Amino acid sequence: MNSVLITVIQRLLLGLITLFFVSIIIFAMVAMLPGDFTQAVLGQAALEETVQAFRKELGLDQPAVYRYFQWLGAVLQGDFGTSFSGRASSGIDRSRPVLELIEPRLYNTLFLASMTAIVAVPLALYLGITAALHRNGFFDRLINTVTLVSISLPEFLVAYVLMALLAVLWPVFPPISEVRPGADFFDRLYISVLPALTLTMVTIAHMMRMTRAAIINLLASPYVEMARLKGVAQREIIIKHVLPNAWAPIATVIAFNLAYLVIGVVVVETVFTYPGIGRLMVDSVTTRDIPIVQACGLIFAGTYIFLNMSADIIGIVTNPRLLHPR
Amino acid sequence: MSTKNYSATAEVAHVRTRRTWLHRMWLGLKKAPLTAWFGLIVILGYLFCMIFADLIAPHGEAEVFAIPYAPWSEEHRLGTDHLGRDILSRLIFGARNTVGIALLTTLLSFAIGGGLGLVAAINRSWLDQILSRFVDILLAIPSLIFALMLLAVFGSSVLNLIIIIAVLDSTRVFRLTRAVALNVVVMDYVEAARLRGEKLGWIMRREILPNIMPPLVAEFGLRFSFVFLTIAALSFLGLGIQPPTADWGTMVRELSTFINYLNYDLRLGLLAFIPGSAIALLTVAVNFVVDWFLHQTSGLRDEH
């Protein structure tokens, strides 16, 4: 048990170190800004004093290392700085803090993502295991072809096909997922059906194929054959012999695809104009609102790293070989 | 046959006919499954559109006509868009721009990632360590998110797009190249070449590269479809290829407003799906061909 704990702590530390380096990269974005950037934000007619004040606020007059730790400290306290938008060349500052802009959006995106995950993960595992058990059968081949095709489809195409079918030709769901203030839980659920369905279709193919591959890999191992020769029932082989060894690859699969969800929301939220953090990021990239882009990037990257790290840790903890040290 | 003239060497020599690579390719293709044939034909069709876009397209790429939203007619086979540009012509030119840019990006990414991967595998010193750790960190950020952040900093232009995606994608190429090259680097003939005093370039090109070609070619197909989809997604978001250049991702976005009229005019409503399907068809085709190629070269007979 001790060695397991040590490995887990090592993984946690590795994750933290990665996050640290990623934060350096994201911070360095401001330093990489081209020289004419202040004009792009403040407009061509910006006064010299305004430009100077803006540069001072960005801290371009201080050494980079000092600025990095100041930024990091603020971020750790939840302060992502103030948005670039709303600044005018006249010097009147109508910009809002980044956190205020992000918070409601983040909640919406988490709602959408968890709704997708609750449907997609069990379904994909079930389909994957079924396909692996009936390998080369009709069901397996059908699912293989369908998933290969759906992996190749761009997310926005899947989204528009669903929109055309379920919002226009047979209008049961709204084509635009605008969350009104004061909407209750069921309203939100109803609005999020189409984006969640799109994300489910996109992620399920990957997840199902990887689950199938992992299970097939295990079914070919000698101890499964031994159990089979012993006369153990198929159900019991799966539950007692295959699944304990399959948790690690399955956890990897799930984490990988939840991480994929992180990327998927960017496109899907734009298609359905769902007010989530993905659309916020796209809008901010268009207007080059760097503080918001930085905050969104940090949130996305952090989620991604966290998911991958948890998959690693689940793989270690559930590995039966590590639980019994020699 | 008279036994007098019989010569064993002649018979053996006769059996071993040397085939040209074209002939060998044909023999392989004859045995290819239907899906691979389908994929190859589709890819050739796209290449044809790319190269002869000027000749096939009825109108110019950004040529603006008097009537926007024109219906389908002899003059405009698929009508015109919101600015009065011929949709069919833009589709055909879109093949050149979208596919061409994705191809260029993938080539650049293989040049960077493959080259550095080989160098790291051959000279396993601090350079390998630094490159590998750096790649680990870059891979910790999802590439679409990273691309969005970099585009926010540098602004979106075609050149920036190609460089950013190529650099981000080269990390995966680097990993694969390094991993497969590591198995080859320890071979005796590489050691022999090194003792002979061959330079790094020679060892990379003549000793290692031919031996790691099959996985790299398969990876090229997969990476191409990934890059192609990423660029299409970015263009769709309005951050990739910028108008007036015709490209499929942007076209999907521009034409998507018509989907709401699907109930009244089916042809108009389905317009957005034409560039969308063009993107999907190419990725499906590439995946089919890569599947077949992997099957051929690795002897993975049991995967399906």
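This is a predicted model: local features need pLDDT of at least 70, side-chain atom pairs count only at pLDDT 80 or more; totals for chains, interfaces and linings use all residues.
1. Next, the make-up of the chain. Chain B contains 14 helices and zero strands. The radius of gyration of chain B is 25 Å, well over the 19 Å that the globule rule gives for 304 residues, so chain B is more spread out than a compact globule. Along the principal axes, its C-alpha trace spans about 80 × 65 × 35 Å.

2. Now for contacts and surface. Among contacts in chain B with a separation of 6 or more, 68% join residues 24 or more positions apart. The accessible surface of chain B is about 15,600 Å², and carbon and sulfur atoms account for 66% of that surface.

3. A word on charge: chain B carries 25 positive and 22 negative side chains, with the centres of the two sets 11 Å apart.

4. How many aromatic pairs are there over all chains? The count comes to 15. One of them joins Phe20(A) and Phe21(A), edge-to-face, at 5.7 Å centre to centre with 70° between the planes. Phe20(A) is partly exposed at 34% relative accessible area, and Phe21(A) is partly exposed at 35%.

5. Have a look at chain B too, where Phe48(B) and Phe52(B) form a tilted pair, 5.0 Å centre to centre with 50° between the planes. Phe48(B) is partly exposed, at 48% relative accessible area, and Phe52(B) is partly exposed at 36%.

6. Finally, back to chain A: Phe20(A) and Phe21(A) belong to one aromatic cluster, together with Phe27(A), Tyr68(A), Phe69(A) and Trp71(A).

Terms used. Residues are numbered from 1 along each chain as its sequence is written. Chains are lettered from A and ligands numbered from 1 in the order in which they are written. Side-chain values use heavy atoms; hydrogens and water are left out. Helices (H or I, at least four residues) and strands (E, at least two) are DSSP runs, numbered from the N terminus. The radius of gyration is taken over C-alpha atoms; the globule rule is 2.2 Å times the number of residues to the power 0.38. Contact means heavy atoms within 4.5 Å. Accessible areas come from the Shrake-Rupley method with a 1.4 Å probe; for residues, only the protein chains shown count as cover. Lys and Arg count as positive and Asp and Glu as negative; His and the chain ends are not counted. The place of a charge is taken as NZ of Lys, CZ of Arg, CG of Asp or CD of Glu. Rings of Phe, Tyr and Trp (its six-membered ring) pair if their centres lie within 6.5 Å; planes under 30 degrees apart count as stacked, over 60 as edge-to-face and the rest as tilted. Buried means under 20% relative accessible area, exposed over 50%, partly exposed in between (1.4 Å probe, protein chains only).
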